[in-house]
Amino acid sequence: MTTASGAPRAPLRGEKILITGPAGRVAFPLAARLARENEVWGIARFGRAVERAQVEAAGIRTRSIDLSSAVWGDLPTDFTLVLHFAAAIGTSLSFAESIRINGDGTGHLMNRCRNARACLVASSRAVYAEPLDPDRIQHESDPLGGDSPPPYSPTYRVSKLAQEAVASFWAEELRLPTILTRLNVVYGDNGGLPMMLLEGMKAGRPVPLGPHGATRAGPIHHDDLFDQLPGLLAGASIPATIVNWAADEPVDMRELCIYMADLTGCEARFVVTSDVSGTRPSDPTLRKRLAGPCRVDWRDGIRRMIEANHPEWLVEGKSRA
């Protein structure tokens, strides 16, 4: 929900928030900003000490916890809000491992934090079955699953569907208001898919596009994620709310790459390959009703991303500075 004026709700303040995967590309910018005015705790396996140090330097209290085993130690249980961003993703995971971490782990987490006011579970656009029409904007009620698992992580779609089922069950069983957010492409000053594509372009590699014309997406900036968090958490419910978390308007990734090429002076070349699953836009109607519109135009966000990561790549006159 938005405020009476239709604007996003005020930022979260004075909450005790638990965030999973706080060192991740999506979660860290949110956790760091939330820690300025809230008591924020972050849990993960923290396989790299440097990542844990970065999280703690942002004012976040950390605990090393593996959700698949759920040995909690001295982690408190009195969190007011839970933001579950951690996810197991990769080509080496078995289906059993992926489901145990992404699915069962979500249940362990929600059971531990059953007294929270709201729980946000970050799911993915990957749960949708690939539509016959590549230009179709995917709605929350669209078919799920499919017989073409993502090449970057063959177990990911199945495990995220398991996660949604587990979260939906525990929301009702525990009477814990929950919202399942199906993230589209997320990017910001710390990079994301557009930055990965630009790095490939700068190295002279063609941009891989998925088959069947799947080239449009709903890239959403970290600033918009932060602005929309309060409204989405206010929309948590029993049964769980399911919502697409994506940009207000679809963006053709070819156009986005050509724009980055113009900013940096490199060449945008494209190749269609089955090695990537392609991107799809998501319908943002419900998200806008719950949390308000996006405020970061993708062109401004992309320019900011390049300025933050590789300002030396910008050709003269292309930087806002």
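**View 1. Helix 3 alongside helix 4.** The axes of helix 3 (residues 95-112) and helix 4 (residues 156-174) come within 8 Å of each other, crossing at roughly 20 degrees. This is a predicted model, in which local features need pLDDT of at least 70, side-chain atom pairs count only at pLDDT 80 or more, and totals for chains, interfaces and linings use all residues. Residues are numbered from 1 along each chain as its sequence is written, and side-chain values use heavy atoms, with hydrogens and water left out. Helices (H or I, at least four residues) and strands (E, at least two) are DSSP runs, numbered from the N terminus. Axes are lines fitted to C-alpha atoms, for helices over the stretch in contact, and angles run from 0 to 180 degrees between N-to-C directions. Helix 3 and helix 4 are therefore roughly parallel to each other (angles under 35 degrees count as roughly parallel, over 145 as roughly antiparallel, 65 to 115 as roughly perpendicular and the rest as oblique). Look for F95, S98, I99, N102, G103, T106, G107, M110 and N111 on helix 3, which meet V158, S159, A162, Q163, V166, A167, W170, A171 and L174 on helix 4. By class, this contact of helix 3 with helix 4 has ten nonpolar, eight polar and no charged residues (Ala, Val, Leu, Ile, Met, Phe, Trp, Tyr, Cys and Pro count as nonpolar, Asp, Glu, Lys and Arg as charged, and the others, Gly among them, as polar).

**View 2. V166 and its partners.** Here we zoom in on V166, which has its place in helix 4. V166 touches G103, T106 and G107, leaving aside residues up to four places away in sequence; contact means heavy atoms within 4.5 Å. V166 and G105 are 61 residues apart in sequence and, C-alpha to C-alpha, 9.1 Å apart in space.

**View 3. Helix 7 across helix 9.** Helix 7 (residues 253-264) and helix 9 (residues 298-309) have axes that come within 11 Å and cross at roughly 45 degrees. The two helices, helix 7 and helix 9, are therefore oblique to each other. On helix 7, E255, L256, Y259, M260, L263 and T264 meet W298, R299, I302, R303, M305 and I306 of helix 9. The residues in this contact of helix 7 with helix 9 divide into eight nonpolar, one polar and three charged.

**View 4. Helix 5 against helix 9.** Helix 5 (residues 193-202) packs with helix 9 at an angle of about 65 degrees, their axes 10 Å apart. P194, M195 and L198 of helix 5 make the contact with I302, M305, I306 and N309 of helix 9. Sorted by class, the contact of helix 5 with helix 9 has six nonpolar, one polar and no charged residues.

**View 5. The cis peptide bond at P239.** I238 and P239 are joined by a cis peptide bond, with omega about -5 degrees. P239 sits in the loop between helix 6 (222-234) and strand 12 (241-245).

**View 6. A70 and its positive phi.** A70 is not a glycine, yet its phi is positive, about 55 degrees. You will find A70 in the loop between strand 3 (61-64) and strand 4 (81-84). Most residues other than glycine have a negative phi, and most peptide bonds are trans.
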